[in-house]
Amino acid sequence: MSSLEIKDLVVSVEGKTILNGIELGVESGQVHAIMGPNGSGKSTLSLAIMGHPKYKVERGKVLLDGIDLLKLPVDARARAGVFLAFQYPSAIPGVSVANFLRTAINARRAAPSADGTGEIKKNDMPIPQFRKLLAEKMKLLGVDDSFITRSVNDGFSGGEKKRLEILQMHMFQPRFAILDETDSGLDIDALKVVAEGIDAMRSPDVGMLLITHYERILRYVHPDFVHVLVDGRIVRTGGPELAAELESKGYEFVREALYAGKA
Amino acid sequence: MTRVPSLLDQELVEQHSLRRNEPEWLRDARLAAAEGFTPDSWPTGQEEEWRRFPLKDLPEGPLASTLDHLPGIQFKLEPEAAAQGVIFKGLLRASLDNPELVRSHIAPGGGMPSHGAFRAIADALWSAGSTFVHVPADVAVAMPIVVDKVWPAGAEAMLSRTIVVAERGSSLTIVEDLSSEGAKPRIAIPHVDVYAGPGARVRYVGIRRFAPGVLDLGFQRFRSASDSDVAVHNVFAGEASSKLGIESDMEGNGATVKLYGLVAAGDNQRIDVNSFQQVDGKGSQSDLLYLSALYDHAKAVFYGKIRVEATSSGTGSYQECRNMLLSDHAGADPIPVLEILTNDVVRCGHGATAGALGDEDLFYAMSRGFDRDQAQQLLVHGFFRRVINQIDDEHVRQRVLNAVRPRIGNIAEMGILA
């Protein structure tokens, strides 16, 4: 059982404060949906947890089983078990999907040797095991062999990019996955495949933070908790029924209620 | 007035030839070449080609090149090719065995005047590592011809000529892998002449991995007859500074030329390339693509010219130079020049960039568990693949990867499933 705790997180971009004291705890096996209007800070939250250099953490902690992720470099956060499915993934021309996945898996499996020399000891996944795992996950996401021979995200459609993000999530088997608007830019069929891919990742060992604008992905991936992010703060938390309420009443309703209460 | 160093001495040229018992015609060819070394041929440093590559620390006094044979060099040819009359020999051996053939191709050819002085030196004093390849008409050499040239430690100049003649309708791939041992400063002038006859298909791959201290002042000329297809890969690995002149001349219609380059440089290396794509004939195509990954204080200069001749029609040409700066101190200076002397052009253009790796791309790779160095290796490898993937032969591709690996790392090769 693991936990990801976000405590009083304040993040700015180019001098402008975007996140204003986020408090959130996710445990293994739980799915938390974070919903919010444009500009509320949803992507900032995901990128700040992962360590994007543009996002400056002014205050707060993100604890993975008590270890502050914010003190670790980006790659160490990934190796600690955090995965971010990007809203806008980068292309890596000239590096095939299969090569990228295998190289990444092996880079993640390498660990400092126990003798304290600081030397990195390789622990590559055997090729047959890699092939088997990949074939299984490709089937799950409905991608064929040509997909994995193409360069990473190079010339990919929006749907293909999101499939690759989910494929990576399955291959890397993180403890916590943050999905940043993985449902955006997808047609109905692609949404179904990607959402089912996310749902297939659910297990008692994995916690998820599902960031979205819309309720529709939550029809496939049923969250345990729904949080509403407005102006850089979580202003409401509830069960799945909150998503339906937002869908019918819109975000303005939350904002109005929030500021009416303040006034 | 620029001081012209006395690198070439006619008498030494003659002695060089006499000592090797060369036929008179060969001696005459050397002496004729030496005459090209004139005060006018020496760069003043004001030329566009030489402004960014100061010629300093040149050896004092006349150059000598007494090494007649490189240890380890092998002129191994597949039996099928040998049976069909393909010649692949040291240049002196070929001059003795096949004098008529060599004679008709050894005369100092033309080429960019900016590199004339160095061409003259190589043509007058060539010795160990010089190579002659001749493929008769309609003969296809299946396996790549590979020449490994390792100049042993020593202070002598490394002066060589490579002459490749692919007759009508023939095809071959030739790989020259140049390296040197020892850290003493010395000059290298590998001069390469490639002639692709009508309809011939030629692939030339030149890999340079010279030791530090070497000043490489090479020159290459590719001549393309009608409907020939030439692709050239120049790979700058190693630790030396290079100044390479590359000229592509078209001598017929429908010729295709692709000039590719990879630069993987670091330390204080300076890689300076001057290209000249002469585009002529009907419907000919000439494209250049140079990619550089620059580390430490390395600098890449590219000054390339495309000239579309008035006598040409319906040609296409392009020049592209991309530079990845992997340190705050690395630099690139891509300077493309187009000279279009006709209105009858299908396409002619250029593109040049120089910049650091994108933060977003690095962040993406690192978010997958690669540390910064590994992420960089991955991105550079992918960047280079655009050129490496243009090499048909898997073994040759591997050789190129081996050459750049010490600089760009190998993590991206780890995941490749055979």
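View 1. A:His32 stands opposite A:Phe225 in β13(A), where two strands count as paired if DSSP finds at least two bridges between them. Strand β3 (residues 31-35) of chain A and strand β13 (residues 225-230) of chain A run parallel and are joined by 4 bridges; here helices (H or I, at least four residues) and strands (E, at least two) are DSSP runs, numbered from the N terminus. This is a predicted model, in which local features need pLDDT of at least 70 and side-chain atom pairs count only at pLDDT 80 or more, while totals for chains, interfaces and linings use all residues. Residues are numbered from 1 along each chain as its sequence is written, and chains are lettered from A and ligands numbered from 1 in the order in which they are written.

**View 2. The open sheet of chain A.** In chain A, 6 strands form an open sheet in the order β6-β11-β12-β3-β13-β14, with mixed pairing. The edges are taken by β6 (82-85) and β14 (233-238) of chain A, each of which has a single partner strand, so one side of each is left without a neighbour in the sheet. On average, and with direction ignored, neighbouring strands of this sheet are turned by 20° against each other; angles run from 0 to 180 degrees between N-to-C directions, and axes are lines fitted to C-alpha atoms, for helices over the stretch in contact.

**View 3. Two packed helices of chain A.** Two packed helices are described by the angle between their axes and the distance between the axes. Helix α3 (residues 97-109) of chain A packs against helix α6 (residues 158-172) of chain A at an angle of about 35°, with their axes 11 Å apart. On the side of α3(A), the residues A:Val97, A:Leu101, A:Ile105 and A:Arg108 meet A:Leu164, A:Gln168, A:Met171 and A:Phe172 in α6(A), a contact being two residues whose C-beta atoms, placed from the backbone, lie within 7 Å. The residues of this contact divide into 6 nonpolar, 1 polar and 1 charged (Ala, Val, Leu, Ile, Met, Phe, Trp, Tyr, Cys and Pro count as nonpolar, Asp, Glu, Lys and Arg as charged, and the others, Gly among them, as polar).

View 4. An open sheet of 8 strands in chain B has the order β3-β5-β7-β10-β12-β14-β16-β18, and the pairing is parallel. At its edges stand β3 (145-151) and β18 (345-356) of chain B, each with a single partner strand, so one side of each is left without a neighbour in the sheet. Within this sheet, strand β10 (residues 229-236) of chain B is joined by 8 bridges to strand β12 (residues 256-265) of chain B, and B:Val230 stands opposite B:Val257 in β12(B). Helix α8(B) lies across β10, β12, β14 (285-294) and β16 (315-325) of chain B and runs at about 160° to β14(B), whereas helix α9 (residues 394-408) of chain B lies across β5 (171-180), β7 (201-209), β10, β12 and β14 of chain B and runs at about 25° to β7(B).

View 5. The parallel strands β3(B) and β5(B) are joined by 7 bridges, and B:Trp151 stands opposite B:Ser180 in β5(B). At the other edge, B:Ala356 lies in strand β18 of chain B and is exposed, with 12 other C-beta atoms within 10 Å.

**View 6. An enclosed helix of chain B.** In helix α6 (residues 116-125) of chain B, 10 of the 10 residues are buried, so the helix is largely enclosed by the rest of the structure. These buried residues pack against α1 (10-19), α2 (24-34), β4 (158-166), β6 (186-196) and β9 (219-224) of chain B.

**View 7. The contact between the chains.** Chain B gives 27 residues to the contact and chain A gives 27 residues. On the side of chain B that touches chain A, the elements that give two or more residues are α7 (359-366), α8 (372-388) and α10 (411-414) of chain B, and the largest share, 9 residues, comes from α8(B).

Technical notes:
A residue is buried if 20 or more other C-beta atoms lie within 10 Å of its own, exposed if 12 or fewer, and partly exposed in between; C-beta atoms are placed from the backbone.
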